Every structure is written in C-alpha cells, then in structure tokens.
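Dear colleague,

Please read them with the structure open beside you.

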Amino acid sequence: MRYLIEVHRETFAIARPRIAVASALPDRQAVYRHYEQHALRGIGVFDRAGRARARQLASQHTEHWLASQWAENESHRVAQQAGFDDQWRRLTGNDTDTVLGVLSARFEAVPGYAPVGTVSVDGNRVGLALTAAADSVVPAGLTGGQRARVYESMLKSHALAAVKQAFASAPGLMLARVVVVRHDARRPCVLALEVSRPALESVRWDTTGADEILASAGSMVLTRPEGPFGDLGPVDDLLDDISAELAAGARGAIADMVARQEVEEPEAGAAGFAIVDVETSGLSPEYDRVVEVAVVGTDRYGNVVDEWTTLVNPDGPVGKTSIHRIRAADVADAPRFADIVGELTARLVGRVIVGHNVQFDLRFLHAEYARARLRLPRVVSLCTYQESHGYLPDLDRRRLADCCHAAGVALTDAHAALEDARATAGLLRTYLGSGSRLAGVHRRLPEQAAQIGWPRVPVTGARIKARQPAAPPPVPAQAGALAALLEDLPVADVLPNGAPPAAAGYVELLAEALEDGVLTQEEATALADHARFAGLSRADVDSAHHGFVLALAHQAVADGRVTNEERRELNNAAEILGLPNGMVKRLLAEADSEWVTQLSRGCSPLPEGWAHGEPLRVGQKVAFTGGEPTRRERLEIAARAAGLRVMNNVSRVTAILVTPEAQPNSGKGEAARKHGTRIVRPGVFEQLVEHVQPAPPVLVVREATADGADVSASAAVLGPALGVPVPPAVVRAWARENGYVVGPRGRLPQEVQAAFLAANATTT
C-alpha cells in the first residue's frame, strides 16, 4: 500500500545536453593485416626484400586509411554535435514536436504513470490526462473512510509523479495542468490540478506526502467527496476550458481502447502479422528519431503478402552511420515521419506487430506518432527474441543473426530495416510452422489484433525513398575491440538462475550498444529506460551488468592476452554501467585464475627420460623472433592453446624466447640476454608445448594480483591432435582466413574442424 501513495517520490532522470562521441577507429593491426595480405600476394616466401617492401607499403596504406577514417569520424562527430545542440535548443525552447516526442516516449517507458488521453504543449505549459486506477487496487481490510483517503492519495501521488517526470524530461516547461479520469462506464473526471515548476523546487520529496505537497504547492486542485465515506465524485462541471479539453481527450482515448469508434477497419484478408523494423539515430526514443522503417506483412501462417520501406528524415543527426550505414545526405530528401504515418498505419491496422526485441521498435513508434499528433494504440505484439527461448532453446546468443542462423533463415544485410524485417518474417514463419503448442497459440493472435481500434489517418501519398544497396567495405568493418568478444558471448551465462526473461533482452541491447567499443552516458540512460519499461528492478539490472562484464572478461582472456584497447573499453563499459572502480581488473584476474586452474587439471605428467630441462607451465609467457612465418604461426597457435601467453616483447617475466638462431640479433634477443631469459630452438619448443605442466598456486596468485596486464582464458571444444583445448574464436578466425564459410554462431562444421586439426596437428 505504501508504494501506491509514494509513487511521486521516485527519481526521474533529468534531461541534459547530449555530447557526441566520435566512433572508435578499427584496430590498427586488423587494418594492417588486411593491407598486408593483399600486398604480399604473388611474393615468394624467400623474397625477403620484396616482402619487406610489401609490408612497408601496407603500413603506409594503413596509416593513410586510419587518418582519413579519423577525419571522417571527426566530421561526423561535429555534425552530430550540431544536431544535438539544435535538438537541445528546441527542447528547452518548448518546440511542440520535440517536447511531445520526449514526453510520449518517457511516459510509455513507465506505463503506470502514462497519460492515456492528450498530452498537450502550449508554450511553457503542458497538459496531462491520466487514467485513474481502479479502486480495487487499494488493499482489503481498511474501513470505507480509510479506503477513500488512500485512493485519493494514490491519485494525487500518480499525478505528481507525472508532473515530476514531465519537468525532468523537458527543462523549458514551467506549468503543468493535470486531469485524472476514471476508467469506467461514466468516465468522469475525479481530480484536476495545476502546479508550477518553481512551486516544487523546495519540496522534500523523500519525506513529504502527495496531499501535503499539493496543499502547499498546487493550485486549482479540484476534488469532490461524495457518499458516506468521502469517495471521489465527478468534477467535470467545475473544470475550466483547458482542463475540460484534456478530460475530453482522455475519454476519447479510453473509448478507443474499449470500443471500435472512428477507427480504421482492417481490409478483408489483411488479418495476420506486420513485421516491423526501425533503424534509429540512437537508443533513446525521447531524443533520437527513426531514420528508416520497414514493414513486411504476412498472413496468419507467416507467408509474406506485402512489404514496404522508406528512409525517414529525422530533422536532426542520423546517429551512428557505422552501424546502420545511413548518412545525412541519404535522408536529406526523404519524407518525414508525419508524411508517411498514414501509409504506415494502413499497413499495421488489424495485424499483430512483430519484431526482434519488438518493444524497442514500439517505443520509437509511440514517440513518432506523438510528434505527429497521433496516439499509437496498445497493440497486440509478438517478440521473436522472447519467443526464441521456446522455439530455439539451445542458443547462447539470441541476436537476430543468431536466431536466423539456427533456424536456417537468410540474413544478408543486417541493420538495414527491410532486410532485418524480411529475416524476422522468415523467423516467424519457421516458428509458426514448427507444429509446437506455442505455434498454435501465436496463430490465433491476429484474432485479438483485429479488435484493436486505430485512429483514422489519411494516406498522403508522400514519395518514399528506399536506401541504396550496400557496397562491401574496402577494409574490415569498423568495430571496437569488444566487438570480437561479443561475437561468441553466451548471454545465457551472463544472467544468474531465476533472472526475469526480460533481462536477456536487456543484455542483448547492451551488447549491441557496445559493439563499437563506446558506451556513452546517453546510451546508458536509454538502456535504463528500457529496463524500466521491461519491468526490471535495480537489482536485476545490477546483476546483469556484473555478469555481462564478467563474461566479457572471460572472452577477453581467451586468446592469451588482454590488449590495452580491450582493457580500455572494458573499463569504459564498467564505469558507465556503474560498477565499482577496479572491478574490471578484479574480474579479469578471476577469469584468468579460473582458466589457469581449468587447464592445469588437464595436464599429463612429464614422460620418462624427459631431457628438456625445466618444463613450461600454464600461464607462463613466451615470445618468438625470426623463423619461417608459417611455422612460427603454428607454434604460436599451439602455445596459446596450451595455456601459454604469447607476448610481443621480452621482459623479466618471460619464460622462453623461441628462435632458430643461437644468438638472435634482434631487440627481443637483446632483451632476453639482458633478463637472462631462456632461449630455445623451435624443435625443442615443440616438445615443451606438448608437455606443459600445471601452474603452481603461487604463480596464479602473483599473475592475478601483481601483473594483471596479460591474462588468458580458454573455452574450447577442439584440439585432440594438439592435446589441449582451442578457443572457438581461434578456429573461426583460421577458417575465415583460409576461405571456409562459417556462421556467426553454432557448432562449427565437421569439415572445418578436421581441416583445422590437419593444418595444426604438427609444427614441422
């Protein structure tokens, strides 16, 4: 009961100017390897001079491309910041479209406070119309008078929460008018009030009740007790014109929800599903906009009957072009959302709205409809992400690409609205044709969708603009260091047992936001709003954050070392997600310790007559210099698979330097002699790596707490010929480099496993 009358005490995020962050540059080594591969074509292995020139040319191309990419990213950042600044000016200046979009998205994120009627903006004044909760929510066991007082306090608390959220979301608003309408046959207005921002500035929200706040800060507070217990009666006859208009709007919205009044009738045979996908300028429907929308219509069995798509001019920045590949020039002559909302509505009426993480798309549609002075109804929806747990139960990741790969559905151009919608439609058809009990339930959803009332929206015939086909990038796609870690991240392992189903969808959105290696404060705020919308508690979110970063730490150490870029991006993610200082270092140490312990259990004793001196131990560092490149690469793979850390330098903690030269004349050779590092030939190293021994406990503790810079982990399924596990990422990378087609997820094909083992079974 206390929560019912203390909703107004909740804290809402205050809108602040947004800061554009430049996209992260691709990893230099990845770009260099791309150019090096092309530069070395046709040059013999023993043509050292030719290979040196080729590598020099590759280095020059790499620096030139990175410089041009940096300039492009910076230009995009400047343009995006200009758009953010203009957006902030419009918000603080109370531009009607901007404020309506922000408020609609914010209220949709917290359905309990959502105005169901009109949200009107007139200069610095906002009008909110709320639906009163039924008095049955008041706990039983109270007297009639007590119930009446609790119910009135509850309505006032909810009204204040709506005002508080409106003022937090739109800094330029100074006055709020609120009406509360009962959701029953008569639908009278039972509460009306007005409150200004200055009047609330000195309120002690944590200790003051809603009745007391409105008694001191509210004006025009209208209630009418009636009956023996003082129940709230209608105050419609006491309302001024502004409040009466708000109440009428609320009644109309309620009528749309309970009866088919002034709504579009579905066309004959149109009942089925509408698969919707939107590409957006960011994650926040309050401030970001739709830049592309697509709808694929199907019948009740999932068979495609029509499709439609267009780019949308967002009247502002387009966001991360590196993700959706839409540039400002692409949308300059595209229609605005208000121009195409009629056509879009005609394609949604009478259909079940489907999407992969569909709540994300619906929240943006709610905001865009509000900006167009329309209200998106409470639609019947189906989420192919959530339902994948029933149809595809064995997946680690459940991104659209993962689910499509598991179901055998083609996805040729991810993050293009029409291609994503087509792939989701294919996924839906697979679900509906599976013969499961779920499929029968879902095939009946269109019957419910046909009962939803939609506003009549004229089709303007605006010219649509479809995106041009994507051209393949000349260099590896831009990505942060975390992108590779996220590819094989098992989301099921991130969440603790008993986590709410919605938490998995939240983690997927979090992973998507991090794919470029940068998690901005704006993205974190948008994710928090999504968590609230999904009904996740603070504890649920904190648990997901901790598990997410821990899982990334395990992924980061899987290749034998943690790069500075990986560490920087992990620290950035941890900081934005609110994890304590030093958490990343501790989690990396935990992951390393677990991996060292795991590999140490699988070590076999040294063979009799061992003649190679002190053996290598799990977790030790080794380095290579000189030698034939192909053989050296195989040795490095074998070393990482055995639990050794392959380093690019020699330091006092390096156990062995591998080189075919007795006295290597190189920087690593000089460092080895300086530190007294053991130097061995490749043939000896082959024997050492085949008989790596368990790490002594003292080594694990020292590496985890003192060094911590280069740690490793293992998550492997292959490698019997090597005698040790091999990380899946290593096998996938090898397969792609050697022309094999492998999917983003799932079991590696048997022929790829066999080829990898054959290529790496020996190091001769």
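**Cysteines and a mixed sheet**

The structure holds 0 disulfides, a disulfide being a pair of cysteine sulfur atoms within 2.5 Å. Cys383, for instance, is in no disulfide, and the nearest cysteine sulfur, that of Cys403, is 9.3 Å away. This is a predicted model, in which local features need pLDDT of at least 70 and side-chain atom pairs count only at pLDDT 80 or more, while totals for chains, interfaces and linings use all residues. Residues are numbered from 1 along each chain as its sequence is written, and side-chain values use heavy atoms, with hydrogens and water left out.

Cys383 counts as buried at 10% relative accessibility, whereas Cys603, with a relative accessible area of 21%, is partly exposed (buried means under 20% relative accessible area, exposed over 50%, partly exposed in between, with a 1.4 Å probe and protein chains only).

Turning to the sheet, 5 strands form an open sheet of mixed pairing in the order β10-β9-β8-β11-β12, where strands are DSSP runs of E of at least two residues and helices runs of H or I of at least four, numbered from the N terminus, and two strands pair if DSSP finds at least two bridges between them. Because β10 (304–311) and β12 (381–383) each have a single partner strand, they stand at the edges, and one side of each is left without a neighbour in the sheet. Strand β9 (residues 290–298) runs antiparallel to β10 and is joined to it by 7 bridges; Val296 has Glu307 in β10 as its bridge partner.

With kind regards
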